[in-house]
Every structure is written in C-alpha cells, then in structure tokens.
Amino acid sequence: MNFAFSEEQEQLRQFVHQFMDDKSPEAEVRRLMETDEGYDPDVWSQMADQLGLQSLIVPEEYGGQGFGYVELIVVLEEMGRALLCAPYFSTVALATNTLVHSGDDAAKAAILPAIASGETIATVAFTEESGRWDEAGITMPATADGDGWRLTGTKMYVLDGHIANILIVAARSDAGVSLFHVAGDADGVTRTALSTMDQTRKQARVQFDNTPATLIGRDGGGWDVLQTVLDLAAVALAAEQVGGAQKCLDMSVEYAKVRVQFGRPIGSFQAIKHKCADMLLEVESAKSAAYYAGWCASEMNDELPSVASLAKAYCSEAYFHATAENIQIHGGIGFTWEHPAHLYFKRAKSSELLFGDPTYHRELLAQRIGI
C-alpha cells in the first residue's frame with residue numbers, strides 16, 4: 001500500500017508554500033495578530049479566487065472542488081508552517097465539515113456556496129464555560145418557537161467567533177444535542193474577543209439571548225455529526241502541528257550551523273546534535289501519524305476515531321517539544337519577543353489544548369479500542 005503524495009498533491013503543496021511565503025511572512029503575522037480582526041480580507045479573497053482553498057473540500061454541486069481530506073492535510077501543513085493568520089481552520093475544518101456531514105441538503109445549498117467563494121466566514125460554537133469537549137459539556141438550551149428555534153446561553157473559545165458571518169451552534173433540545181445555524185449579526189447575539197496566549201488564532205465568547213436559529217439536520221442528531229467533525233478537526237489540527245514542528249526543526253538546524261561558540265558551530269556539539277536528532281525522529285513520526293489519519297479521514301473508514309485521537313495526542317506533544325527545543329537551541333535570543341520561536345511555542349501550546357489535550361485523547365483512544 002502506497003501512502004506517498006501524488007504529483008498533483010505535491011504541486012498543490014508547492015503552490016500553497018509559495019503563497020504562504022509571500023502572504024504570511026513573520027512581519028505580516030506580527031501585524032495581523034495585533035489587529036482586532038486577526039486576518040487580511042484581501043489575502044482571504046486571494047486564497048479563494050487564486051487558489052480555491054476555501055472550496056477545497058466543498059462538494060462540486062455546491063460550488064466547491066470536491067477534493068478529499070488528503071489535499072486538505074497538505075494545505076493545513078503549509079499553513080501551520082507559516083502561522084497563517086486567517087479564519088481558515090474555523091471555516092473549513094469546522095464549519096464546512098459540519099455541513100458536509102450534516103445530511104441537510106437545504107443547509108448545504110444555503111451556506112456552502114458562499115463559503116466556497118470566500119464570501120462567508122463560518123465557525124462552530126460548541127464549547128461552553130465548563131471547557132469540556134464531550135457531549136455532556138453541551139448544556140445550552142434550544143427552545144422550539146413555531147417553525148423555528150430560539151437559543152439562550154453562552155459559548156466559549158469559539159474560533160474566529162467575533163468575525164464569523166455564520167455560527168453553527170450546538171445546543172440541547174428536548175430530543176438531545178442538535179445543531180443550529182445562526183447569522184453572526186442575529187438579534188440577541190453578543191460577541192466578545194477573548195484575550196488569549198496565542199494571538200495568531202483568535203477566539204471569542206458568544207452570548208445568545210433568545211436568538212432566532214434554524215435547525216441543521218435532525219433534531220437530537222447533532223452529537224453524531226459533531227463527534228465525526230471533532231475527529232476530522234483533530235486530524236486537521238495534527239497536520240497543522242506537523243507543519244509548525246517541521247519549521248521549528250528547520251530553524252534549529254539552520255541556527256546550529258551558523259551560531260559559533262568556542263570557535264566552532266554549536267551544531268558540532270554532541271548535546272545540540274542529540275536535540276536535533278530527537279526532534280527529527282518526533283517530527284517524522286508525527287508526519288506518519290498525521291498523514292495516515294488524513295488518509296483515514298479521506299476514506300471515512302472505521303479507523304478514523306481511534307487514529308484521530310492517536311494523531312492529535314502524538315502531534316500535540318511532538319510540536320510542543322519541538323518549539324521548546326527550538327528555544328533552547330537558540331539560547332538567549334530564542335527567549336526574546338523579537339524572535340519568532342515564541343510565536344510557534346504559543347501556537348503549539350494552544351493547539352495542544354484545542355479539542356482536548358493529549359491525556360484526554362489517550363483516554364478517548366483507550367475507550368475506542370476497548371482497553
């Protein structure tokens with residue numbers, strides 16, 4: 001069985017790599033992370049018009065390209081390498097996946113074409129103040145109101161929730177957890193940007209006060225969809241983490257070649273060699289986990305739940321370790337605000353906790369394989 005990327009996939013990687021180098025250099029990342037919106041609308045439009053990135057996994061009948069998850073893995077790895085500041089993960093990995101797997105053709109037709117064209121920024125709001133990622137953590141009530149629904153409550157840590165045009169909200173009706181579509185500027189919606197450690201990925205608190213909402217899919221069938229989406233999002237995040245880890249390894253090796261102490265490059269010292277060798281082993285292992293998980297996601301096979309948790313747990317730790325060692329190898333300069341090492345360190349820490357930390361996913365993996 002061959003898991004190598006195809007020629008077309010490698011070409012996609014090259015295009016995205018060049019685009020990220022042009023549009024997301026360190027100076028631009030630092031500029032955007034200080035803004036309220038956290039992204040550049042012009043670059044967002046170029047991503048849709050020139051590369052079609054927002055439409056990548058949108059089915060063709062809804063204006064998308066209909067590619068599989070392996071192509072998305074390639075794109076997200078390059079975005080993670082460049083620390084792209086844009087609402088891509090929330091719109092594609094979360095909202096698009098939710099709609100695609102919702103089984104609601106009307107919702108797909110209403111929202112997906114605008115996502116594919118880059119007109120709409122969307123996200124999924126499910127985590128509440130408890131910070132839990134499981135079904136029991138969703139307690140916000142949804143009340144039937146004639147032909148529609150009303151939502152009242154608070155959602156926390158909503159990725160790009162302060163700028164999203166569309167909010168897909170998980171709430172609990174009498175039938176169980178259900179999914180709802182809410183306009184970002186709907187009545188009763190209050191959005192507040194949160195102060196976070198990782199400023200390259202914005203989060204928000206979204207409050208609903210008797211807000212009108214439209215049901216997506218089946219009433220009470222939301223958790224089945226959301227569980228699949230969370231697995232797919234974990235795989236997507238693992239690919240992003242791999243890209244960041246590889247970048248940290250590259251930075252470390254390059255610095256070890258040029259930094260001279262005691263008359264010789266520090267890369268010639270055994271301690272630095274060992275650090276770089278350990279990082280290489282972990283990064284390559286993380287790639288294997290993320291790529292295999294991406295293949296499982298593209299096939300939507302029975303292995304996906306267990307492999308998603310495995311990839312998320314391993315890639316989280318590999319990325320965080322790579323960023324920490326990157327700072328160590330750079331020494332004093334690595335600790336300064338002026339050096340990009342800390343940007344990757346903070347992204348790694350926030351990504352480690354997003355969708356559940358490694359301990360949570362190892363426990364989930366144990367349950368899923370029956371240990």
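This is a predicted model: local features need pLDDT of at least 70, side-chain atom pairs count only at pLDDT 80 or more; totals for chains, interfaces and linings use all residues.
Me: Why is helix 9 called roughly antiparallel to helix 10?

Reply: Helix 9 and helix 10 pack at an angle of about 155°, with their axes 9 Å apart. Angles run from 0 to 180 degrees between N-to-C directions, and axes are lines fitted to C-alpha atoms, for helices over the stretch in contact. Under 35 degrees counts as roughly parallel, over 145 as roughly antiparallel, 65 to 115 as roughly perpendicular, and the rest as oblique. The angle therefore makes helix 9 roughly antiparallel to helix 10.

Me: Which residues of helix 9 and helix 10 meet?

Reply: Contact means heavy atoms within 4.5 Å. Among the residues that meet are K312, Y319 and I327 in helix 9, and A341, Y344 and F345 in helix 10.

Me: Why is I327 called buried?

Reply: Buried means under 20% relative accessible area, exposed over 50%, and partly exposed in between, with a 1.4 Å probe and protein chains only. I327 has 9% relative accessibility, so I327 counts as buried. I327 is found in helix 9 and touches G334, F335, A341 and F345, not counting residues up to four places away in sequence.

Me: What makes A48 buried?

Reply: The relative accessible area of A48 is 10%, so A48 falls under the limit for buried. A48 is found in helix 3 (residues 41–51). A48 and A116 are 68 residues apart in sequence and 7.2 Å apart in space, C-alpha to C-alpha. A116 is one of the residues that A48 touches.

Me: Why is helix 5 called roughly antiparallel to helix 6?

Reply: Helix 5 (residues 88–100) and helix 6 (residues 105–116) pack at an angle of about 155°, with their axes 10 Å apart. That angle makes helix 5 roughly antiparallel to helix 6. The residues that meet are T91, T96, L99 and V100 in helix 5, and A107, K108, I111, L112 and I115 in helix 6.

Me: What makes a set of residues a nonpolar core?

Reply: The set must consist of buried Ala, Val, Leu, Ile, Met, Phe, Trp, Tyr and Cys residues joined through side-chain atoms within 4.5 Å. The largest such core has 93 residues, and those with the most contacts inside it are Y88, F89, L151 and F355. Helix 7 (residues 222–258) gives the largest share of this core, 13 residues. Apart from this core lies another, of 22 residues, among them C85, L249, I272 and M279.

Terms used: Residues are numbered from 1 along each chain as its sequence is written. Side-chain values use heavy atoms; hydrogens and water are left out. Helices (H or I, at least four residues) and strands (E, at least two) are DSSP runs, numbered from the N terminus.
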